[in-house]
Amino acid sequence: MLGRSTTRNACKCNDRYYQDMSLTRKGIFKLRSKSSISRDQATKWEKNFDSLINDAKGVQLFTDFARKHHAAENIEFWLAVNEFKKKKLQGDRLNEATRRIYRTFICNQSEKQININDMIRKDIIRRIDEPTITIFNEAQEQIYILMKTDIYPRFLRDESFISLTAENS
């Protein structure tokens, strides 16, 4: 088990932690062609943030935008936690996955540290030795709100997205 004194030392943040997640830098985030996105699809995304982040092409486009604006860690964290919940891990596998997400997105030394309040961060640290599948729920909700109220409106105003809604009209 990872004790309180070693939790800080467990913050070795690098890309090898993505290897057994379905979320990878080179996989899910690559959008081959904007032409594969219909105007109707883009219009749905424009009207509803959930439609955007629950559509594979929408996630790819939104992530590419977020990466250009130095905010990709937010969508990556949100997706990683969704994947974490879907797997319904237990025991050692749950502990490993929890620590992986912690090292990648929560710890202070992480290159992909997300912006969550200190109370939530401390709660995750307090619970990391005996995690449950809900350990990241509050952090995920806070990041969802941040994406919906900050990154998403900027995404909708971006010329690349505006051109999608104007194409084929």
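**Exercise 1.** Determine what share of the contacts with a separation of 6 or more in the protein chain comes from residues 24 or more positions apart.

*Solution.* Count a contact wherever heavy atoms lie within 4.5 Å. Among the contacts with a separation of 6 or more, residues 24 or more positions apart account for 68%. The model is predicted, so that local features need pLDDT of at least 70 and side-chain atom pairs count only at pLDDT 80 or more, while totals for chains, interfaces and linings use all residues. Residues are numbered from 1 along each chain as its sequence is written, and side-chain values use heavy atoms, with hydrogens and water left out.

**Exercise 2.** Find how many aromatic pairs the whole structure holds, and describe the pair of Phe65 and Phe155.

*Solution.* Rings of Phe, Tyr and Trp (its six-membered ring) pair if their centres lie within 6.5 Å, and planes under 30 degrees apart count as stacked, over 60 as edge-to-face and the rest as tilted. In one of them, Phe65 and Phe155 stand edge-to-face, at 5.6 Å centre to centre with 75° between the planes. This pair links distant parts of the chain, since Phe65 belongs to helix H4 (residues 56–68) and Phe155 to helix H8 (residues 137–157), 90 residues apart. Both Phe65 and Phe155 are buried, that is, under 20% relative accessible area (1.4 Å probe, protein chains only).

**Exercise 3.** Explain which parts of the chain the pair of Phe77 and Phe105 ties together.

*Solution.* Phe77 and Phe105 are edge-to-face, 5.6 Å centre to centre, with 70° between the planes. Because Phe77 lies in helix H5 (residues 72–87) and Phe105 in helix H6 (residues 91–106), the pair ties together parts 28 residues apart in sequence; helices here are DSSP runs (H or I, at least four residues), numbered from the N terminus. Phe77 is buried, with a relative accessible area of 0%, and Phe105 is buried with 0%.

Technical notes: Helices (H or I, at least four residues) and strands (E, at least two) are DSSP runs, numbered from the N terminus. Buried means under 20% relative accessible area, exposed over 50%, partly exposed in between (1.4 Å probe, protein chains only).
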